[in-house]
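Take a look at the model below.

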Amino acid sequence: IKATDERFFPYALQISFCDTFIDYATVTSKGTKMPRADWEVLKKFPIFKPTDQLIEKFNEISLPILEQINSLSEVNRLLTKTRNLLLPRLISGKLSIKQAEAFTP
């Protein structure tokens, strides 16, 4: 999903996660084996367009949250990678816990 105006990206993202939009996407999806959303139908989903003042306030609240989500996702990705590298070595005995602690921040 891409907002036509970048200021509306957090708002468009939030709408795409709301139950009503997801239900609409599910009901209007095409295909029986692997249903897919029909973007021609989804782009007609009725959306309230907030005023400039309201979207600015929404962004003040939502942008820091989205930035934190991105940051925590990256930390999670790095921790998963570290775990995947260290766990087999710990289980096999090739690496001690003291040695593993040197790899963790």
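## Cover over helix 1

In this predicted model, the buried residues of helix 1 have a cover that includes helix 2 (19-27) and helix 4 (52-92). Which residues of helix 1 are buried? They are Pro 10, Tyr 11, Ile 15 and Ser 16.

## The nonpolar core

In soluble globular proteins, nonpolar side chains tend to be buried together. Here the largest nonpolar core has 9 residues. Among them are Ala 3, Phe 8, Tyr 11, Ile 15 and Ile 55. Helix 1 and helix 2 are the elements that give two or more residues to this core.

Ile 55 touches several parts of the chain. Leaving aside neighbours within four places in sequence, Ile 55 is in contact with Arg 7, Phe 8, Tyr 11 and Pro 50.

## Asn 59 in helix 4

Asn 59 is found in helix 4. Is Asn 59 buried or exposed? Its relative accessible area is 12%, so Asn 59 counts as buried, since buried means under 20%. With neighbours within four places in sequence left aside, Asn 59 is in contact with Arg 7, Pro 10 and Pro 64.

## Aromatic pairs

How many aromatic pairs does the whole structure hold? A search finds 3. One of them joins Tyr 11 and Phe 58: the ring centres are 5.8 Å apart and the planes are at 85°, so the pair is edge-to-face. Tyr 11 lies in helix 1 and Phe 58 in helix 4, so this pair ties together parts that are 47 residues apart in sequence. Tyr 11 is buried, at 17% relative accessible area. Phe 58 counts as partly exposed, at 26%.

Tyr 24 and Phe 45 form a tilted pair, with 5.1 Å centre to centre and 55° between the planes. Tyr 24 lies in helix 2, and Phe 45 lies in the loop between helix 3 and helix 4, so the pair ties together parts 21 residues apart in sequence. Tyr 24 is partly exposed, at 27%. Phe 45 counts as buried, at 13%. Ring pairs also link Phe 21, Tyr 24 and Phe 45 into a cluster.

## The largest pocket

The largest pocket has a volume of about 480 Å³. It is lined by 20 residues, and the closest to its centre are Ile 1, Lys 2, Ala 3, Ala 12 and Ile 47. Helix 1 (9-17) and helix 3 (39-42) are the elements that give two or more residues to the lining. Helix 1 gives the most, with 4 residues.

What classes of residue make up this lining? There are 13 nonpolar, 2 polar and 5 charged residues.

Conventions. Residues numbered from 1 in each chain as written. Predicted model: local features only at pLDDT ≥ 70, side-chain atom pairs only at ≥ 80, totals over all residues. Heavy atoms only, no water. 1 Å grid on protein atoms, 1.4 Å probe; cavity = no way out; pocket = protein on both sides within 12 Å on 5 of 7 lines; lining within 4 Å. Points joined across faces, edges and corners; volume = space filled by probe spheres on them. Nonpolar A, V, L, I, M, F, W, Y, C, P; charged D, E, K, R; others polar. Buried < 20%, exposed > 50% of the residue type's maximum accessible area, 1.4 Å probe, protein only. Contact = heavy atoms within 4.5 Å. Core = buried A, V, L, I, M, F, W, Y, C linked by side-chain atoms within 4.5 Å. Phe/Tyr/Trp six-rings, centres within 6.5 Å; stacked < 30°, edge-to-face > 60°.
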